[in-house]
Amino acid sequence: MSETSNAYRTVVVGTDGSESSLRAVARAGAVAGACGATLVIACAYLPTEADDRELARAQDVLRDEAYQVVGSHPAEDTVRTAAERAGAAGATKVRTVAVEGSPVEALLDVVRRESADLLVVGNRGLAGIKGRLLGSVPADATRRSECDVLVVHTTG
């Protein structure tokens, strides 16, 4: 088998727009660029017409950060910004998707739909009450992914 047949062809990375997640995007961009792979950047969001109690709970816990998880427009802005960061890191083939749903389910759905062979996640999940509400995306995605996972040290 040649070395190029072992290279990653499709890399998926998720972002919520935080600086920590953008570090993972940059690393994914560098890996994708080095392999000549397509990078797919995904951002999950809750629909604005979702159950009012669910939205109220998320907005109450997330306060000023609630814009990151409600509605597709903020998610589309988030992936656009992330694509610029990935390009600066070396990615040449970049696609972006805003996906309705919880972060882990949305990310794994993109991995399946894109037939990705690498998923990149940051090591920093949401701590405290935010983590309990939304779950730890890195831990859950790593445990449940059916492709290789690169965990990027994004803290500090």
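Q: Which backbone nitrogen does the side chain of Asp117 reach at 3.1 Å?
A: This is a predicted model. Asp117 sits in the loop between α4 (103–113) and β4 (118–122). Its side chain makes two such reaches: one is to the backbone nitrogen of Thr10 at 3.0 Å. The one at 3.1 Å goes to the backbone nitrogen of Arg9.

Q: Is Asp117 buried or exposed?
A: Contacts of Asp117 beyond four places in sequence include Ala7, Tyr8, Cys147 and Asp148. Buried means under 20% relative accessible area. Asp117 has 15% relative accessibility, so Asp117 counts as buried.

Q: What is the handedness of the β-α-β crossover from β1 to β2?
A: The two strands are parallel and share five bridges. Between them the chain passes through helix α1, residues 19–35. The crossover is right-handed.

Q: Which residues point the same way from β2 as Ala42?
A: Ala42 lies in strand β2, residues 38–45. In a regular strand the side chains alternate between the two faces of the sheet. Leu39, Ile41, Cys43 and Tyr45 point the other way from β2. On the side of Ala42 are Thr38, Val40 and Ala44.

Q: How many of the residues of β2 are buried?
A: Both sets of residues, pointing one way and the other from β2, are buried. The strand is mostly covered. The count is eight of eight.

Q: Why does Ala42 count as buried?
A: Ala42 touches Val13, Gly14, Thr15, Val79, Val97, Leu107 and Val110, leaving aside residues up to four places away in sequence. The cut-off for buried is under 20% relative accessible area. Ala42 counts as buried because its relative accessibility is 5%.

Q: How many Å apart in space are Ala42 and Val111, C-alpha to C-alpha?
A: Ala42 belongs to β2. In sequence, Val111 is 69 residues away from Ala42. In space, their C-alpha atoms are apart by 9.7 Å.

Methods
Residues are numbered from 1 along each chain as its sequence is written. This is a predicted model: local features need pLDDT of at least 70, side-chain atom pairs count only at pLDDT 80 or more; totals for chains, interfaces and linings use all residues. Side-chain values use heavy atoms; hydrogens and water are left out. Helices (H or I, at least four residues) and strands (E, at least two) are DSSP runs, numbered from the N terminus. Buried means under 20% relative accessible area, exposed over 50%, partly exposed in between (1.4 Å probe, protein chains only). A polar contact is a pair of N or O atoms within 3.5 Å; within protein, one must be able to donate a hydrogen and the other to accept it, and residues adjacent in sequence count only if both atoms are side-chain atoms. Contact means heavy atoms within 4.5 Å. Two strands pair if DSSP finds at least two bridges between them. A crossover is right-handed if, with the strands pointing away from the viewer, the path from the first strand over the helix to the second runs clockwise.
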